[in-house]
Amino acid sequence: MGGAVQWVTAQFEDDLPEEAEAGEASVSDDSDGGFSSLDGMLQWAIGHSDPVKLKESANDVKRYSAVELKKRQEELKELMEKLKMPSDAELMRIAISDLNNSSISLEDRHRALQELLILVEPIDNANDLNKLSGLVAVIRELDNSESDIRTTAAWVLGKASQNNPFVQDQILELGALMKLMKMTRSSFTEEAVKALYAISALIRNNVGGQEMFYAQAGGILLQEIMSNTSIDIRLRKKSVLLVTDLADFQLENKDRTEPLIFGNHLFLKSVVELTASSDLDLQEKALVAVKTLLQLINTEASVFKDFCGLDGALERMREQFEKLMAEEDQVEFANDMEILRREVDAIFRRKLEKVHLSHDGSVSVLS
């Protein structure tokens, strides 16, 4: 859909008006007139915005009789109707109609999803998607035999549910989460990436969505992705970002029982090990996740130390950032990372030294 956006669908592409020629709006006997693209309308508008011509037109209007003026107004009204672009709701209906048409080509089906991907960005449009039976149509495409179709469908769901609890709940009720979780294991990388993006958008700050995610072994899914060194790095980054989101949500809602996955030794180790990544962006994301996990009530400092090897990881990073500071183009980044590393180290040390009451009432200090 490069260049000017053209809303062409399988159902109505023969009904669209022809492009205005030479910047003029053409209205012929066998067409509805108007423009087939925003670019055509823009060119026409530019060609008719000359200040001198507009002034002359204004003077001409003063010379019209009442009858002539009314006639001219009717002509302009008719012209504007012909030039009128369809509303977002109308465009969504057309795209959804195409998805519900079992006889259209895969190319047209993909195009309908791409149009919805743009249309659902405004929150009002996203909220209308279910009213138009669009969510059911899009979720159905998650089972399409073509990876490109499944990928774009997941992308649409993620875009529509981002920071939108209303749409999140609708998609969850329609059972999309399990389908998306399955798609993260796809052999098609882009499909897996978009599915994980959709999952993150769907359960972010959503209690019901997170409970479903944990109940379906979502924590283990993230652990497997993070610990798989052969997997696309984008998946590992999205996974550790989701871990941070989930841990942050728990910190903000301390009255909720902490999910068991946050106490899972292998899960915690998979996060810590990402701090050794040669990809600095992934390393930073992992360090942020460790910082958040350390602040949870039930995560044990001794597990981070003895099982995950966090103290050794922090020391290796200190040496790494010290070397990076010697490189002129990396000084600022290395300084920022060292500040973050020190924050994590301070939280870690406090957690190690935290005084706990033993069962018999005596005081012991974790070491």
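Mentor: In soluble globular proteins, nonpolar side chains tend to be buried together. In this predicted model, the largest nonpolar core has 85 residues. Those that touch the most other members are Leu-116, Leu-142, Leu-180, Phe-213, Leu-222, Leu-293 and Phe-304. Helix H11 supplies the largest share of this core, eight residues.

Trainee: Which residues is Leu-222 in contact with, leaving aside its neighbours within four places in sequence?

Mentor: Leu-222 is in contact with Leu-196, Phe-213, Ser-239, Leu-242, Val-243, Leu-246 and Phe-267.

Trainee: How many aromatic pairs does a search of the whole structure find?

Mentor: The search finds three. One of the aromatic pairs joins Tyr-214 and Phe-262 edge-to-face, with 6.4 Å centre to centre and 75° between the planes. Tyr-214 belongs to helix H12 and Phe-262 to the loop between helices H14 and H15, so this pair ties together parts 48 residues apart in sequence. Ring pairs also link Phe-213, Tyr-214, Phe-262 and Phe-267 into a cluster.

Trainee: Is Phe-262 buried or exposed?

Mentor: Phe-262 is buried, at a relative accessible area of 2%.

Trainee: Which ring does the charged end of Lys-194 sit over?

Mentor: The charged end of Lys-194 sits over the ring of Trp-155, 4.4 Å from its centre. Lys-269 lies over the face of Phe-307, 5.2 Å from the ring centre.

Conventions. Residues numbered from 1 in each chain as written. Predicted model: local features only at pLDDT ≥ 70, side-chain atom pairs only at ≥ 80, totals over all residues. Heavy atoms only, no water. Core = buried A, V, L, I, M, F, W, Y, C linked by side-chain atoms within 4.5 Å. Buried < 20%, exposed > 50% of the residue type's maximum accessible area, 1.4 Å probe, protein only. Helix = DSSP H or I, 4+ residues; strand = E, 2+ residues; numbered from the N terminus. Contact = heavy atoms within 4.5 Å. Phe/Tyr/Trp six-rings, centres within 6.5 Å; stacked < 30°, edge-to-face > 60°. Lys NZ or Arg CZ within 6 Å of the ring centre and 35° of its normal.
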